[in-house]
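Okay, thanks for coming, everyone.

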Amino acid sequence: MYLLGYDIGSSSVKVCLIEASSGKIIASDFSPKKEMKIMAANPGWAEQNPADWWTNLKLAHESVMHHSGINAEDIKGIGITWQMHGLILVDKDQNLLRPSIIWCDSRAVPYGEKAFKEIGEEKCLSHLLNSPGNFTASKLAWVKENEPEIFNKIDKIMLPGDYIAMKLSGEIGITVEGLSEGIFWDFKNNCISEDVINYYGIPKSFFPEIVPTFGIQATVSAAAAAELGLKEGTPISYRAGDQPNNALSLNVFNPGEIASTAGTSGVVYGVLDQLDYDKLSRVNTFAHVNHTEELTRLGVLLCINGTGILNSWLKHNFATSLASYGDMNDLASLSPVGAKGLSIIPFGNGAERVLENKDTSCSIHGINFNIHSKGDILRAAQEGIVFSYEYGMDIMRNMGMDIQVIRAGNANMFLSSIFRKSLAGVSNAVIELYDTDGAVGAARAAGMGIGFYANTKEAFSSLEKIAVIEPQLEKRDQYLEAYDRWKRHLSEIV
């Protein structure tokens with residue numbers, strides 16, 4: 001018995017097949033091998049053609065089926081995860097009306113800012129748990145004002161995973177998690193937000209049927225079965241946006257549990273069991289995968305734009321004599337905690353929500369030409385990234401989150417011993433590293449959706465823990481001293 005996971009990213013589409021009982025990965029692949037095209041007709045725009053997601057899904061799926069050699073009738077569930085906040089529009093015949101406006105498109109910022117003020121900041125935060133910002137609802141408002149001929153043809157709106165489920169089944173649905181990431185969901189009234197749709201003038205008929213995050217949402221149609229070599233009637237039993245799904249992949253379901261990633265940008269995602277929000281809207285709050293009306297489970301999302309991109313920039317522009325990131329880490333490890341008084345503010349990748357959308361740029365503080373070397377700068381960069389995480393986690397703690405364990409995949413910045421030890425040292429949390437990814441998580445979740453796994457413990461019993469990093473208590477004061485110095489420099493800038 002097997003389970004499929006589809007991960008619809010903005011760079012590629014990944015497909016993973018696991019054996020349900022053991023959780024073993026049977027085959028996985030991704031397409032395209034080069035990054036998918038992002039169209040930008042104007043500065044700040046970012047669009048993709050959803051048909052390209054489907055094309056690449058088919059290519060990766062075909063590869064997985066070929067290499068696995070299994071029979072299609074043995075696949076018992078399909079899970080889907082996707083790049084969050086994208087807008088897909090179709091007409092009554094399920095034809096695409098325009099390319100998707102994806103997560104990193106910023107054209108709708110003024111629409112969200114205006115809505116935040118005119119609906120009322122307190123009302124938005126207490127009901128939506130977010131500012132309307134640059135999310136899906138504001139993107140749709142942009143279409144209404146700038147492309148009225150397209151707006152008038154809309155039958156249904158979707159998020160990227162909903163589009164893939166439509167292509168698989170011929171049916172259109174959406175989850176509460178999806179509605180919340182689009183800033184369409186009123187958490188106090190447990191319904192689509194009347195405030196948002198009335199303010200933006202969005203007909204309620206645009207919204208598909210609400211389906212459960214876990215459960216039989218739809219089944220594979222005859223047409224899709226023929227196209228993909230699947231069995232007609234195979235259940236689509238899970239869907240969620242990438243950050244909630246990444247947390248699920250790391251077995252993060254309960255209050256206080258934390259998942260983190262640290263690629264080009266960085267994310268800390270924690271689960272909260274009460275309706276709460278940051279009054280300055282420096283973090284985002286969405287429905288977690290296991291949120292229900294009866295059981296409050298919210299995902300508090302801290303996003304830092306300037307994380308791994310700083311390390312990458314240093315490699316290509318500063319540490320060019322070093323062959324690899326491993327070499328950079330080795331050199332940085334020769335510098336002590338605190339990098340001999342050096343502090344680097346890593347926010348050089350645009351405005352940061354955690355800084356109330358200020359753009360501070362990256363800066364180096366305290367450099368002394370007589371004592372500092374290349375290794376000190378490399379260490380200060382990694383510590384600066386870690387300190388940006390801790391700065392955001394302080395906001396999460398103020399919302400009632402008790403951060404004791406941080407779970408992460410063994411990838412990107414988490415491959416660095418300095419990064420891991422610094423994060424454990426300053427946060428006083430245990431770091432746990434796992435061998436998993438979003439497509440694997442979606443496949444496991446599909447098994448939960450069909451009821452194959454009795455509970456989350458059973459579903460994630462085979463999740464492989466690679467390493468545990470305990471806080472170095474003997475160096476705790478050194479980390480805190482370096483963090484306090486970093487915060488002082490940041491306060492002078494912002």
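Let's start with Arg 239, which sits in strand β14, residues 235-241. Strands here are DSSP runs of E, at least two residues, and helices are runs of H or I, at least four residues, both numbered from the N terminus. Quick word on where this comes from: it's a predicted model, where local features need pLDDT of at least 70, side-chain atom pairs count only at pLDDT 80 or more, and totals for chains, interfaces and linings use all residues. Residues are numbered from 1 along each chain as its sequence is written, and side-chain values use heavy atoms, with hydrogens and water left out.

So, is Arg 239 buried or exposed? Arg 239 is buried, at 1% relative accessibility. Buried means under 20% relative accessible area, exposed means over 50%, and partly exposed is in between, with a 1.4 Å probe and protein chains only.

Who does Arg 239 touch? Skipping neighbours within four places in sequence, its contacts include Ile 80, Trp 82, Asp 162, Thr 175 and Gln 217; contact means heavy atoms within 4.5 Å. With Asp 162 there's also a side-chain polar contact of 2.9 Å. A polar contact is a pair of N or O atoms within 3.5 Å; within protein, one must be able to donate a hydrogen and the other to accept it, and residues adjacent in sequence count only if both atoms are side-chain atoms.

His 85 isn't a glycine, yet has a positive phi of about 75°. You'll find His 85 in the loop between β5 (75-82) and β6 (88-90), and it's buried, at 11% relative accessible area. Ile 183 also has a positive phi without being a glycine, near 60°. Ile 183 is in the loop between α7 (176-181) and β10 (185-186), and is buried at 2%.

Then there's a cis peptide bond, from Ser 31 to Pro 32, omega near 0°. Pro 32 is in the loop between β3 (25-31) and β4 (47-48).

Residues 2-245 are 35% helix and 25% strand, with end C-alpha atoms 19 Å apart. For 260-448, it's 34% helix, 20% strand and 23 Å.
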